[in-house]
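Open the model in your viewer and keep the selection tool at hand. The tour moves from one selection to the next.

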Amino acid sequence: MKRIFLFVAFFQCVCFSVVYPQAELTLADIFSHGTYDQKRFGPIRWMKDSKGYSSIEANSQVGGDDIVLYDARSGARSVLFSAEELTPAGADSPLKIADYQWSEDNSKLLIFTNTVKVWRYHTRGDYWVMDISSRQLRQLGKGLPARTLMFTKFSPDASRVAYVSEHNIFVENLADGKITQLTHDGSDIIINGTFDWVYEEELDCRDGFRWSPDGETIAYWHSDTKDVGTFYLINNIDSLYSKPIPLPYPKVGEKLSSVKIGVVSASGGETKWFDFPGDPQNNYLARMEFIPGSREVMVQQLNRKQNTNTVWVGSVDSMDLKVIIEEKDEAFLDVHDNIQWLDGDKYFTWTSERDGWLHLYKVSRDGKSVELITEGDFDVVRISHIDPKGGYVYFIASPDNYTQRYLYRSRLNRRNKAERISPIDDAGQHSYQISPDASLAIQTFQNANTPPLYSVVSLPDHRLLRVLEDNRELLDKYLALKLNPKEFFKVDIGEVELDAFMIKPIGFDSSKKYPLLFYVYGEPAGSTVQDSWMNGDLWHQYMAQQGYVVISIDNRGTKTPRGREWRKSIYGQIGILASEDQHRAAKKILSTHSFLDPERVGIWGWSGGGQMTMNCMFRYPDVYKTGIAIAFVSDQRLYDATYQERYMGLLEENEWGYREGSPLHHAEKLQGDLMIMHGTADDNVHYQSFEMLVDKLIRHNKMFSMMSYPMRAHGINERENTSLHLRETMKKFLLEKLPSGGI
């Protein structure tokens, strides 16, 4: 039986046997021309019977997209809905499909199109429904303002849909198009069925209502934002007069939205409200779902410090509440999205770090019994699928290499050693979209030198059935550049070993000394040292071509599967411990690699990495001579309350940590060459952070370079030529201030 790793090995062998002419890597090809864009597959949706999956494919004849169905094992393809069928009556062109969703019985299809960005994501637009049997396509929400529908969902029996429009919830009957408005107080201040900025950004809450299993009731979040401070973005470039853009945004220590959960009949009427204990402005109602086959909801309530998660069960009939489990931590907790009800809904799955590792547990409905499912000294990175019928949970973990990811499974009903499913020879990162019956999966494999490879595999034997997209054209282009591969290594700083990667220049000569450019993030929200494609990391490869050695290090506290102690070590000292780890690792690397020039050391980062760049430069000018900080937090008090208080505690309890961890309060220590960059329309890390730092540097007569990007947000990628201009600016500064090449 041929496994997928045999195909990958053959695929790589064939590629590397080809002689490629030397190709030139340019910033324009990376950031403007799309030369190295990868092909993706999907989005796919497994059908209810697990035999096939649907996908979106371009229709070259009429334009637009077809919705197609594939037999998962044979690959047989059929068109479910052609682009012609997805062309509204009287329209000149088919619908442009942004996303789609099947009803539970696969009898109807929802199509999301004509989308509008809300904060970071395109969550508002128009919805259409297609009926499989009648082949009729019709638009939802007629009579409501265009492009205002959000989070449209079928009722359990697919006879109705519910959606949000302009902060109110509506139900529409699919048989006759009748629309019933369930809430009426939605406004710029009152939000029903969705969330404010901070809930979306930091708690990953967007869709704010739930159908009951019997379809009779809708439970929903209601947010009152009247006491949340308003931050104003200023648009100076799109009209003769400047235009303020108000953004309700709770900064550290300031008031949060007052949030509650209500229940209303799906046919309309008065809302009933759950009475959760505690101040609604100082607690988060972070998750809410109906328990299957019941008229009860399970709600996760976090306190403001986010170190206690209280799980409630509430009856939508009596509105009574009872606690079934409470999770506490001396540092911080995350919310849980891996709840699956088992054994006739008598038990549910729950993730916890209670034994020092992030694991899945089985908890009784009354909370009295808590049993470990995934046993071992490793973290469960992500739950891929829970299969109650087969008796297994499939999950991603990496016990031996924190830069990689593999599929494992464990039994649900007894403790046992986790079984690895991903092939042992496929080093890198694996992810899976598993069929409902867990017999098949769409697998994505990648590593630092291999762009994503999409395949259909059988489970649990992981037999390769078919390659869906191999990104061969992209790999050929990448290999033609003849770059030095990213090298992974460890740095021992005494208390702990840190993961790192290194990229060397083409034509590297170990007898010479090269300038060192560090790339840093360092915050608990992510990790930079991962054996994944990362679009080829072509920006860093380009800088290596200019004559730099590029290195990145994951300090303690970064989001890697190294256990609770690793992740919680940064609590209360964001920017302090991390910059110390970075400095100690830099010193160790410089002392053990003779080809690195200690007089030419630079560092750069974005967002939290921008903050870390300045903390390193200001605190340790003996090492870091040059730096670029982009879209950074200069004072942690300026950032949103939910993120910052989670990792730093409350301001009144840790004023020293907030001050000491903020580069603004160390700006007078700047000695090297610093460039700061920011978008003026950054709704995440406000331009205010940039200007306050500028003011402080001027006060201390510190010379620096700066670049502002008008009406660009946190990613600084909106509007024509922005991404290329930013990278050219970075390149120019580094070449001027951090001389390149081996000497």
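How far apart do the C-alpha centres of domain 1 and domain 2 lie? They are separated by 29 Å. Keep in mind throughout that this is a predicted model.

**Stop 1: the domains**

Colour by the domain assignment. Domain 1 covers 41-181. Domain 2 comes in two segments, 338-447 and 450-480. Domain 3 spans 485-737.

Now select the boundary between domain 1 and domain 2. Twelve residues on the domain 1 side are in contact with 16 residues of domain 2. The size of an interface is often given as the accessible area lost when the parts come together. Here about 1,100 Å² is buried between the two domains, and carbon and sulfur atoms give 60% of that. Do not look for salt bridges between domain 1 and domain 2: the count is zero.

**Stop 2: aromatic pairs**

Show the aromatic side chains. The model has 29 aromatic pairs. Begin with tyrosine 220 and tryptophan 273. Their ring centres are 5.7 Å apart and their planes meet at 70°; over 60 degrees counts as edge-to-face, so this pair is edge-to-face. The two partners are 53 residues apart in the chain, with tyrosine 220 in strand 15 (residues 217-224) and tryptophan 273 in strand 19 (residues 272-273).

Tryptophan 273 is at 30%, so it counts as partly exposed.

Move to phenylalanine 508 and phenylalanine 595. Their ring centres lie 4.9 Å apart with planes at 85°, so this pair is edge-to-face. Both residues sit in loops. Phenylalanine 508 is between strand 39 (497-503) and strand 40 (514-519). Phenylalanine 595 is between helix 7 (577-592) and strand 42 (596-606). The pair links parts of the chain 87 residues apart. Phenylalanine 508 is partly exposed at 24% relative accessibility, whereas phenylalanine 595 is buried at 9%.

Next, select Phe332, Tyr571, Tyr639, Tyr643 and Tyr647 together. They form one aromatic cluster.

**Stop 3: charges over rings**

Lysine 260 lies over the face of the tryptophan 273 ring, 4.1 Å from the ring centre. Then select lysine 362 with tyrosine 347. The charged end of lysine 362 sits over the tyrosine 347 ring, at 4.7 Å from its centre.

**Stop 4: helix 4**

Select residues 472-480, which make up helix 4. Which residues of helix 4 are buried? Leu474, Leu475, Tyr478, Leu479 and Ala480 are. Step just past helix 4 to lysine 482, where phi is positive, at about 55°.

**Stop 5: lysine 696**

End in helix 11 (residues 687-699), where lysine 696 is found. Why does lysine 696 count as buried? Its relative accessible area is 12%, and buried means under 20%. Leaving out residues up to four places away in sequence, lysine 696 touches Leu664, His665, Ala667 and Glu668.

Definitions and conventions: Residues numbered from 1 in each chain as written. Predicted model: local features only at pLDDT ≥ 70, side-chain atom pairs only at ≥ 80, totals over all residues. Heavy atoms only, no water. Phe/Tyr/Trp six-rings, centres within 6.5 Å; stacked < 30°, edge-to-face > 60°. Helix = DSSP H or I, 4+ residues; strand = E, 2+ residues; numbered from the N terminus. Buried < 20%, exposed > 50% of the residue type's maximum accessible area, 1.4 Å probe, protein only. Lys NZ or Arg CZ within 6 Å of the ring centre and 35° of its normal. Domains from an automatic or database assignment. Contact = heavy atoms within 4.5 Å. Buried area = accessible area lost by both parts, 1.4 Å probe. Salt bridge = Lys/Arg side-chain N within 4 Å of Asp/Glu carboxyl O.
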